[in-house]
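Here is a short report on how parts of this model pack together. Look over the sequence and the fold, then read on.

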Amino acid sequence: MEFETLIQSRRSVRGFKQQQVARSVIEAIIDSAKRAPSSMNTQPWHVHVLTGAPLEEVRRRNMEEMVGGAKVKRDIVSHGEYQGVHRTRQVDIAKKLFGAMGIARDDKPMRQDWVLRGFRQFDAPVSLVLTYDRVLDPGAVCHFDLGALCYGIVLAAWDRGLGSVINGQGIMRSDIVREVARIPEDEVIMTCVAMGYPDDNFAANAVRSDREHNAEFVRYVGFAD
């Protein structure tokens, strides 16, 4: 698939077929994605790929803890609640998703069920937990590198017919993820990518988020035209 077509067609997938993903496919995805740019070629990333019983344990315990009122316990510093234009964009995509799924504004049980799906990593058959070397903290540069790797994974997966959603909800309790996946203490858990074959009958999979016009966030300096 041509790169431009790949980017334009890619979307977040929130409903997956319960079909296993072969390890060889995931290895090929990571092999492509690891060519992502990295500051000074430091390659600060690690990928922990979960499926089967370990992933189910992470799902269950993460959901139980969050539903039970436990505090979020992530390795990375959170920005807190969004405000202003960022909050507006967050609400806009939520409205689109709830509309596609037929979830009314006052339907609290269904809205709660949607939140729980996020805590369960949308029931995807595979989760790639992305970490970086703690020695590099505080590390905006290594965060940037990990973001590049993450997007490379998402694009390489889409090119092979796999959908994904970058999902912080699914690892709200990083301590649980660390314990189950046996992630060393010298690695910081940043996010995860829930991955699997898209369920085309899942209405929310057809939703595409809006993007601002270039004029809203791009400046051209020094161009004659």
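Helix 2 passes helix 6 in a right-handed crossing. The structure is a predicted model. Helix 2 covers residues 23-33 and helix 6 covers residues 140-159. Their axes come within 8 Å and cross at roughly 130°. Helix 2 is therefore oblique to helix 6, since an angle counts as roughly antiparallel over 145 degrees and as roughly perpendicular from 65 to 115.

The table shows who makes the contact.

| Helix | Residues in the contact |
|---|---|
| Helix 2 | Ile-29, Ser-32, Ala-33 |
| Helix 6 | Leu-149, Gly-152, Ile-153, Ala-156, Ala-157 |

By class, six of these residues are nonpolar and two are polar. None is charged.

Now to the nonpolar cores. In soluble globular proteins, nonpolar side chains tend to be buried together. In this model, the largest nonpolar core has 25 residues. Which of them touch the most other members? They are Ile-153 and Met-195. Helix 6 gives the largest share, nine residues.

Ile-153 also belongs to the contact between helix 2 and helix 6. Leaving aside residues up to four places away in sequence, Ile-153 touches Ile-29, Ala-33, Leu-128, Leu-130 and Met-195. Ile-29 and Ala-33 are on the helix 2 side of that contact.

Another core lies apart from the largest one. This other core has 14 residues, including Leu-97, Ala-124, Phe-202 and Val-207.

Definitions and conventions. Residues are numbered from 1 along each chain as its sequence is written. This is a predicted model: local features need pLDDT of at least 70, side-chain atom pairs count only at pLDDT 80 or more; totals for chains, interfaces and linings use all residues. Side-chain values use heavy atoms; hydrogens and water are left out. Axes are lines fitted to C-alpha atoms, for helices over the stretch in contact, and angles run from 0 to 180 degrees between N-to-C directions. Helices (H or I, at least four residues) and strands (E, at least two) are DSSP runs, numbered from the N terminus. Angles under 35 degrees count as roughly parallel, over 145 as roughly antiparallel, 65 to 115 as roughly perpendicular and the rest as oblique. A crossing is left-handed if the near helix is turned anticlockwise from the far one by less than a right angle, and right-handed if clockwise. Contact means heavy atoms within 4.5 Å. Ala, Val, Leu, Ile, Met, Phe, Trp, Tyr, Cys and Pro count as nonpolar, Asp, Glu, Lys and Arg as charged, and the others, Gly among them, as polar. A nonpolar core is a set of buried Ala, Val, Leu, Ile, Met, Phe, Trp, Tyr and Cys residues joined through side-chain atoms within 4.5 Å. Buried means under 20% relative accessible area, exposed over 50%, partly exposed in between (1.4 Å probe, protein chains only).
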